[in-house]
Amino acid sequence: MPSDARSASAIAAANSGTGAMRTRFDTAALERWMASHIAGFAGPLRVDQFNGGQSNPTYRLITSSARYVLRRKPAGPVLKGAHDVLREAQVQQALSQTGVPVARILAICADETIIGSAFYVMELVEGRIFWDASLADLPRAARAPFYDEMNRVIAALHRLDPVAVGLGTFGRPGSYFARQIGRWSQQYQADTLAGRDAAMDALVAWLPGAIPADDETRIVHGDFRIDNLIFHPTEPRILAVLDWELSTLGHPLADFAYHAMLYTMPPDIVAGLGGADPVALGLPSQDAYIAAYCARTGRNGIPDWNFYLAFNYFRLAAIFHGIKGRVLRGTASNADAAERVKAFPRLARLAHALI
């Protein structure tokens, strides 16, 4: 592990809990708005900011009788199309009547004059978040059911008909990889303050010509990781899938491969096994995990697996490159962001190695 790498426990400590507001706003104005838009709300209101999250600032709202969560855009200028919290709310509202577990949306505000940006308020779901993909805090025999539950939920998401759940216009059908590669390449190249990287430049050139011929459209989460899931306090059951900022209509294999990167992801970057032997840890092997997903979604297998992985490492590297730009501009929403962006060149090299 590189000298600048951190342990999963250090990442958990940096991203867990709440602290003082870093991205500040008029809490009195928010309290007045909640009183007129959320049934049963009664102040006084206290606002803390969650330590986790590299993008949209997230807050815990506390009253004497209730707890809520607020998501808003970051302060300062943002890239076109990024940080759209209203889309997050839209997809969660649509999924609330399906088998995909999400937090209940309580109110949405598009009026940027209230707290300085659009935002939404949802219920606070109590449960467990795992920052260590090895599930080291659980007995070995208890770990596999948590992986099976993750597999079940992402497969359930990809089985949904977007039109049937009211998300037929949530994105453009078809050509997902071409559009995504173009989007992230453009954002990477446009952020000149964050600089360039030779591996990223090579990926920008190679990926468009390597897209598999198959084309599917489903609802994709875009950031389906173990640490974006709230599990039941005592059971291997997901209560809510969090952080829908990158959700859209897209190719389900892009979404699943991103999730399955946990098998090769260094654990000091985001929650991953980093090449450890999953079977020795009491977890399913990567092949078994892929087979379980295929069985649940009616597939015979996943050709071009390396392309899907390379695309996702590239996309994650582009996201970290964007975080680097926000750090340099002083608009990063996470106090730990400067440390996290050190992983950007490693992600780019991991993606490049797959091509």
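Trainee: Why does T248 count as buried?

Mentor: T248 has a relative accessibility of 12% and therefore counts as buried, since buried means under 20% relative accessible area, exposed over 50% and partly exposed in between, with a 1.4 Å probe and protein chains only. Bear in mind that this is a predicted model, in which local features need pLDDT of at least 70 and side-chain atom pairs count only at pLDDT 80 or more, while totals for chains, interfaces and linings use all residues. Residues are numbered from 1 along each chain as its sequence is written, and side-chain values use heavy atoms, with hydrogens and water left out.

Trainee: What makes the pairing of the T248 and R87 side chains a polar contact?

Mentor: The two side chains are given a polar contact at 3.5 Å, and the term asks for a pair of N or O atoms within 3.5 Å, where within protein one must be able to donate a hydrogen and the other to accept it, and residues adjacent in sequence count only if both atoms are side-chain atoms.

Trainee: How do you know whether I62 is buried or exposed?

Mentor: I62, which lies in strand β3 (residues 58-62), has 11% relative accessibility and therefore counts as buried. Beyond its neighbours within four places in sequence, I62 is in contact with P44, L45, R46, D48 and R67. Of these, P44 lies in the loop between α2 (27-37) and β2 (46-50), and a cis peptide bond with omega of about 5° joins G43 and P44.

Trainee: Why are α7 and α8 called roughly antiparallel?

Mentor: The axes of α7 (residues 252-260) and α8 (residues 286-297) come within 12 Å and cross at roughly 150°, the axes being lines fitted to C-alpha atoms, for helices over the stretch in contact, with angles from 0 to 180 degrees between N-to-C directions. Angles under 35 degrees count as roughly parallel, over 145 as roughly antiparallel, 65 to 115 as roughly perpendicular and the rest as oblique, and α7 and α8 are therefore roughly antiparallel to each other. Here P252, L253, F256, H259 and A260 in α7 meet Q286, Y289, I290 and Y293 in α8.

Trainee: What makes α6 and α11 oblique?

Mentor: Helix α6 (residues 198-206) and helix α11 (residues 344-353) pack at an angle of about 40°, with their axes 8 Å apart, and are therefore oblique to each other. In this pair A199, M200, A202 and L203 of α6 meet F344, A348, R349, A351 and H352 of α11.

Trainee: How do you know whether L135 is buried or exposed?

Mentor: At 1% relative accessibility, L135 counts as buried. Its place is in the loop between β6 (119-123) and α4 (140-159), and phi of L135 is near 55°, a positive value in a residue other than glycine.

Trainee: Why does D304 count as partly exposed?

Mentor: D304 has 46% relative accessibility and therefore counts as partly exposed. D304 sits in the loop between α8 and α9 (305-329), and phi of D304 is near 60°, a positive value in a residue other than glycine.

How values were computed:
Helices (H or I, at least four residues) and strands (E, at least two) are DSSP runs, numbered from the N terminus. Contact means heavy atoms within 4.5 Å.
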